[in-house]
Amino acid sequence: MRPETRKRLSSKITLTALPPAASVLRLGDVVDGVYLIRSGGIRVYYLDADGREGTLYWIEAGQSCILALNSLFTEIPYPAWAEAEADGVEILTVPGPLFRELFAGEPAAQRFLFEQLSERVFELQKLLERTMRLPQEQRLILLLLAHADADGTVRLAQEKLARHLGTIREVVARLLRHLASQGLVATAPRRILLLDKRRLMKIAAAEDETAFPLWSAAPRCGTAPGQVRAPLND
């Protein structure tokens, strides 16, 4: 950005810290700014007619919410729910009127918005295709692989896994029992240990070589394959 633009932006941007599971946006909210993730993460999800949740996407450091951007420019109420992830989230907010002004004359703002839009639309399209095609077990495996730490431990309760997948806990419990019977996972309260990542990856990709990693943390929106997006600075 031009120096004068940077100076004006830095004087208007605000920082908000929210604890884990805090509501960021709700269905029908009016969006009055552009929200940039400084640290932590946000889960954007929907509710079906039966009240079950399903994850649309996650937003991490250096990213923004494309649904919120769309609501800002179209003045349409926010169409989903967004909540802070397990580590909470720090959000930098650019006032809506200022960002619209920047978008009208600042190439960097234009690149930012179209980058976010194009990557997220592609991601959502692939998610829809895989949701319609892949069996539930493969979708669960992809989710487990993406959220496993270096030791192969997934620190998510079965209820939360079910919410991510848009199903019920009993279905997830049945799928995990089937995986455990094959020696692929071991379950404990609020965590799951992946015993054979190689075999799990093979099963997950059996239907479609491009399916892995469906829920991967990288690349995310606005990050090209092989590129690591740096967090936003102060």
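Q: To start, where is Ala21 placed?
A: Ala21 sits in the loop between strand S1 (14-18) and strand S2 (23-25), where helices (H or I, at least four residues) and strands (E, at least two) are DSSP runs, numbered from the N terminus. This is a predicted model, in which local features need pLDDT of at least 70 and side-chain atom pairs count only at pLDDT 80 or more, while totals for chains, interfaces and linings use all residues. Residues are numbered from 1 along each chain as its sequence is written, and side-chain values use heavy atoms, with hydrogens and water left out.

Q: What is the phi of Ala21 like, and is the residue buried or exposed?
A: Ala21 has a positive phi of about 70° although it is not a glycine. Its relative accessible area is 53%, so Ala21 is exposed; buried means under 20% relative accessible area, exposed over 50%, and partly exposed in between (1.4 Å probe, protein chains only).

Q: And what about Glu75, where is that one found?
A: Glu75 is in the loop between H2 and S5, and it has a positive phi of about 60° without being a glycine. With 68% relative accessibility, Glu75 counts as exposed.

Q: Zooming out, how many helices and strands are there?
A: The protein has 8 helices and 8 strands, and buried residues make up 44% of its 234 residues. Among the contacts (heavy atoms within 4.5 Å) with a separation of 6 or more, 73% are between residues 24 or more positions apart.

Q: Which residues touch the most other members of the largest nonpolar core?
A: They are Val34, Ile42, Val44, Cys65 and Tyr78, in a core of 31 residues. A nonpolar core here is a set of buried Ala, Val, Leu, Ile, Met, Phe, Trp, Tyr and Cys residues joined through side-chain atoms within 4.5 Å. The elements that give two or more residues to this core are S3, strand S4 (53-60), helix H2 (66-74), S5, helix H3 (96-105) and helix H4 (107-133). Apart from it lies another core, of 25 residues, which includes Trp58, Leu145, Ala148 and Ala162.

Q: New topic: how many salt bridges does the structure hold?
A: It holds 12 salt bridges, a salt bridge being a side-chain nitrogen of Lys or Arg within 4 Å of a carboxyl oxygen of Asp or Glu. One of them joins Arg38 and Glu90, with the closest N and O atoms 2.9 Å apart. That pair links distant parts of the chain, since Arg38 is in strand S3 (residues 33-47) and Glu90 in strand S5 (residues 81-95), 52 residues apart. Arg38 is partly exposed at a relative accessible area of 24%, and Glu90 is partly exposed at 23%.

Q: What about Lys160 and Glu85, are they buried or exposed?
A: Lys160 is buried, and so is Glu85. Their side chains meet in a salt bridge of 3.7 Å, N to O, and the pair links distant parts of the chain, with Lys160 in helix H6 (residues 158-165) and Glu85 in strand S5, 75 residues apart.

Q: Which residues are linked in a network of salt bridges?
A: Arg43, Glu53, Glu83 and Arg163 are linked that way.

Q: Last one, where is Ser64 found, and what lies 2.7 Å from its side chain?
A: Ser64 is in the loop between S4 and H2, and at 1% relative accessibility it counts as buried. A polar atom of the Ser64 side chain lies 2.7 Å from the backbone oxygen of Tyr35. Leaving out residues up to four places away in sequence, Ser64 also touches Val34, Leu36, Ile59 and Phe112, among others.

Terms used:
A polar contact is a pair of N or O atoms within 3.5 Å; within protein, one must be able to donate a hydrogen and the other to accept it, and residues adjacent in sequence count only if both atoms are side-chain atoms.
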